[in-house]
Amino acid sequence: MKWRQMQAAPGETWAVVLDSHDEAMTALTGFAREHGLGASQVTAVGAFERAVVGWFDREARDYRRIPVEEQCEVLSLVGDIAVGDQGPVPHLHAVLGLSDGSTRGGHLLEGRVWPTLEVVIRDSPLELAKTYRPEVGLALIDLP
């Protein structure tokens, strides 16, 4: 993974480029924690050699895993980074393009990069906190 700061505080902006075989969620979580991000917007394009997206099942209060066991284009990856119980946490949604032109989409749970993932992260000087909501089964951003 390589990164470059494109704009300084306040409102820092980063270009982050993940390398082949990096696991996207692990790399982006590490980047967010290393840089103390707390209220960020994330966009990205690139490709994965394989991925897992999730669909949130309200009744089970958990994600149904949807494996994508083939090379796929990251047509859209958008989300945020907010502070959870264990520090900054990316919450990303992906639309992945398959070789036949079909798509898979959902909450990005795992993504093994190939050959690259080009990410832009725009941080804010504010901090957004996520609070676990047992009635929903998710940690959600809590605006005061």
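Is Phe 31 buried or exposed, and what is its relative accessibility?

Tutor: The model is a predicted one. Within it, Phe 31 counts as buried, because its relative accessibility is 0%; the cut-off for that class is under 20% relative accessible area.

Across the whole structure, a search finds 4 aromatic pairs. One of them joins Trp 3 to Phe 31 in an edge-to-face arrangement, with the centres 6.0 Å apart and an angle of 70° between the planes. Because Trp 3 belongs to strand β1 and Phe 31 to helix α1, this pair ties together parts that lie 28 residues apart in sequence. Trp 3 itself is partly exposed, since its relative accessibility is 42%, whereas Phe 31 is buried at 0%.

A further pair involves Trp 14 and Phe 31, again described as edge-to-face: the centre-to-centre distance is 5.4 Å, and the planes make an angle of 80°. Here, too, distant parts of the chain are linked, with Trp 14 in strand β2 and Phe 31 in helix α1, 17 residues apart. Trp 14 counts as buried, because its relative accessibility is 4%. Taken together, ring pairs link Trp 3, Trp 14 and Phe 31 into a cluster.

Strand β1 spans residues 2-7 and strand β2 spans 13-19, and the loop between them contains Pro 10. The peptide bond leading from Ala 9 into Pro 10 is cis, with omega near -10°. His 21 is a residue other than glycine with a positive phi, near 80°.

Arg 61 is partly exposed, because its relative accessible area is 42%. Lastly, Trp 114 and Pro 115 are joined by a cis peptide bond with omega of about -5°. Pro 115 is placed in strand β7, which covers residues 103-123.

To return to the part requested, Phe 31 in helix α1 is paired with Trp 3 of strand β1 and with Trp 14 of strand β2.

Technical notes: Residues are numbered from 1 along each chain as its sequence is written. This is a predicted model: local features need pLDDT of at least 70, side-chain atom pairs count only at pLDDT 80 or more; totals for chains, interfaces and linings use all residues. Side-chain values use heavy atoms; hydrogens and water are left out. Helices (H or I, at least four residues) and strands (E, at least two) are DSSP runs, numbered from the N terminus. Buried means under 20% relative accessible area, exposed over 50%, partly exposed in between (1.4 Å probe, protein chains only). Rings of Phe, Tyr and Trp (its six-membered ring) pair if their centres lie within 6.5 Å; planes under 30 degrees apart count as stacked, over 60 as edge-to-face and the rest as tilted.
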